[in-house]
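Subject: Handover of a structure and notes on its contents

Dear colleague,

Please find the structure for your study below.

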Protein chains: 2
Amino acid sequence: MATYVVILAGGAGTRFWPASRSERPKQLLPLTGGGALIAETAKRVKPLVDGPHRIFVATGKKLVDATMHALPEIPQQNFFAEPVARNTAPCIAWVTKAIAERDVTAEIIVLPSDHHIVDEEAFRAVLRRALDAARGGHIATIGIVPTRPDTGFGYIELETPPKIEAVIAKRFVEKPDRSTAEAFVASGRYLWNGGMFIYRAVDMLNAIATHAPDLLTAATTAVADPGQLEYVFSTVRSVSIDVAIMEKLPEIAVVPANVGWSDVGSWQAAYELGAKDELGNVAPTSSVLLEAKGNHVVDLSARSGRTIAIVGVEDLVVVETDDATLIIPRSRCQDVRDIVEALRARGEADKI
Amino acid sequence: MATYVVILAGGAGTRFWPASRSERPKQLLPLTGGGALIAETAKRVKPLVDGPHRIFVATGKKLVDATMHALPEIPQQNFFAEPVARNTAPCIAWVTKAIAERDVTAEIIVLPSDHHIVDEEAFRAVLRRALDAARGGHIATIGIVPTRPDTGFGYIELETPPKIEAVIAKRFVEKPDRSTAEAFVASGRYLWNGGMFIYRAVDMLNAIATHAPDLLTAATTAVADPGQLEYVFSTVRSVSIDVAIMEKLPEIAVVPANVGWSDVGSWQAAYELGAKDELGNVAPTSSVLLEAKGNHVVDLSARSGRTIAIVGVEDLVVVETDDATLIIPRSRCQDVRDIVEALRARGEADKI
């Protein structure tokens, strides 16, 4: 019984413009002061597997080269390139089927590529408990202990407040409105759905056969004949694993995690995770900060060691890439999407 | 009697860091929304000469290539490369001697390379009046009608308030302190010394022979034997034309100029000269400005069309070059020198 990790790296998005572009989405960015988020993700789970050959990565066709570059230890044949994005379920079915073909006893941990975790040792302990639950025949998931009534996440309801060990989920809940989220957090019985799934390959394939047989057919065809991969993905339905499988299972094991989890959802979140100087600036050592407080300086230009000099300003986000610069108050970083809209309106889609 | 222009382009400086670097001083920068200041200078005086072959440029050895690049119309043999900087007098003596060797009747207009003038037609009229004075045997200069009690310029005192035509100067005055400058401007008899000189070559060579014969020897040697140029410049004294010649002349003709002159002495000065949008921003059209007021955005990176996106900030100077970024409130742009000092203290002289 070997453990495998599957990292889902299909994400795109514009919340981190100009850093996140169609060719360089969030998971490839070093947003928290370490390496690219996906590299940090792989490093974090390495102690759980026999070696990098047990780590698989699913990403979009256009991102394969850049993703391989970010994960040099992982063998090239472990990268799965989705010809078109079809949400998580077709992809998980495909990779699970492919791993099961090689190792029918495989236990699989599926993880998003672009999250940050402060307490990595505690996180691995959580995953080990989830593997225990999986060995008992359950498909397991991780429930993040909420730290605020966030309306940006799905929730998992439990019958009782969470314990350390896995418990059975009552139901999955879509993103709530504000007052519902507040009630969830107050109740102590709701956890955030962190998009992590832990299962034995055979159990997941059985669940797919039962609840989404079309996806099993697609996965089986894609694995048996890679020449049909493009056809399979262009015709398969686009659906999340939550909707296709998880919400239909009679029992899901949930392991709570209180490990300093963050989905690094904005420049503000990245700033909060960064190492600060005595005036609250997060900035590379190559920059020059004079009477500057609370600024977040991010240098993603290819030529390293750019001198970014900031004098007498406060609480700004400053991001440099090879062809763009962003300057915005940290408190307004949600408005980055307005820039993306302005560029789109000007017909400059190549800059998004 | 042909008219020649000599543009002095030996300047360096750090007030425009990161735009102005040792390899790219102020005169090579497009600080006022047009071309490089030196190109604007050449364009401005072109109607006064028979053609670009009458325009000469003196610059430092290291800057010759970049300066030629900024002035493609001017023949290569018209560029004079100073082996080492020796202030203005040795250079003016050298170029004047070289021009006189080819054309003993030459009339010469010497101009700084890095100033801006709003009313170019009026400025040319001023220079024509100065040429008239020079034809009468005077060495002439231009006196800028002061618009504020600036302590950063030298002044020229007149006997009476200036008239349109040339008058004889009473004396040259070094940079004054604040109260002296205020008294100067209040008197109406003081003009700024703009560093422009208009003369017949023979008159200047005679003046040099009388007041600085060592400089004439140096110039004669340099022109006769270019192989000795390096030796001549390494041994000649460093002295300004004001000190070596102008202050010693019995009579200097002064033509006043009220032409929107600026020495473009800071980012703030460059902002004031720039074309503003309705919210007072000076920025390239490739930038994206949302709820941004009074900002000055300068893109000097080699790859053109950089997207500089600025949201919700006011009165900042933002400068981009290939390896540096500056963000500073416009009101603090004098503090740019503190950045330069910080870089020097860190041993990063290559970034200055």
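Does Glu157(B) count as buried or exposed? At 5% relative accessibility, Glu157(B) counts as buried; the word buried means under 20% relative accessible area, exposed means over 50%, and partly exposed covers what is in between, with a 1.4 Å probe and protein chains only.

Before the other findings, a word on conventions. This is a predicted model, in which local features need pLDDT of at least 70 and side-chain atom pairs count only at pLDDT 80 or more, while totals for chains, interfaces and linings use all residues. Residues are numbered from 1 along each chain as its sequence is written, chains are lettered from A and ligands numbered from 1 in the order in which they are written, and side-chain values use heavy atoms, with hydrogens and water left out.

Salt bridges

Side chains of opposite charge can pair when their charged atoms come close. A salt bridge here is a side-chain nitrogen of Lys or Arg within 4 Å of a carboxyl oxygen of Asp or Glu. Over all chains, the count by this rule is 50 salt bridges.

One of them joins Glu230(A) to Lys61(A), with an N to O distance of 3.6 Å. The two partners belong to distant parts of the chain, 169 residues apart: Glu230(A) is in helix H8 (residues 229-235) of chain A, and Lys61(A) is in the loop between strand S2 (55-60) and helix H2 (64-70) of chain A. Helices (H or I, at least four residues) and strands (E, at least two) are DSSP runs, numbered from the N terminus. Glu230(A) is partly exposed, at a relative accessible area of 49%.

A salt bridge also links Glu348(A) with Lys351(A), whose closest N and O atoms are 3.2 Å apart. Glu348(A) is buried at 17% relative accessibility, and Lys351(A) is buried at 16%.

In chain B, the side chain of Arg189(B) meets that of Glu157(B) in a salt bridge of 3.0 Å, N to O. Arg189(B) lies in the loop between helix H5 (178-187) and strand S9 (190-200) of chain B, and Glu157(B) lies in strand S7 (residues 155-158) of chain B, so the bridge ties together parts 32 residues apart in sequence. Arg189(B) is partly exposed, with a relative accessible area of 23%. In chain A, Glu157(A), Lys170(A), Arg171(A) and Arg189(A) are joined into one network by salt bridges that share partners.

Helix packing in chain B

Helix H3 (residues 88-102) of chain B packs with helix H6 (residues 201-211) of chain B at an angle of about 135°, and their axes are 10 Å apart. Axes are lines fitted to C-alpha atoms, for helices over the stretch in contact, and angles run from 0 to 180 degrees between N-to-C directions. H3(B) and H6(B) are therefore oblique to each other; angles under 35 degrees count as roughly parallel, over 145 as roughly antiparallel, 65 to 115 as roughly perpendicular and the rest as oblique.

Which residues make this contact? H3(B) contributes Ala93(B), Thr96(B), Lys97(B) and Ala100(B), and H6(B) contributes Ala201(B), Met204(B), Leu205(B) and Ile208(B), where contact means heavy atoms within 4.5 Å.

The axes of H6(B) and helix H7 (residues 213-224) of chain B come within 5 Å and cross at roughly 125°. H6(B) and H7(B) are therefore also oblique to each other.

Backbone details

Trp17(A) and Pro18(A) are joined by a cis peptide bond with omega of about 5°. Pro18(A) is in the loop between strand S1 (3-9) and helix H1 (37-45) of chain A. In chain B, a cis peptide bond joins Trp17(B) and Pro18(B), with omega of about 0°.

Val264(A) is not a glycine, yet its phi is positive, at about 45°. Val264(A) sits in the loop between strand S11 (261-262) and helix H10 (267-273) of chain A, and is buried at 0% relative accessibility. Asp315(B), also a residue other than glycine, has a positive phi near 55°. Asp315(B) is partly exposed, at 34% relative accessibility.

Yours sincerely,
A colleague
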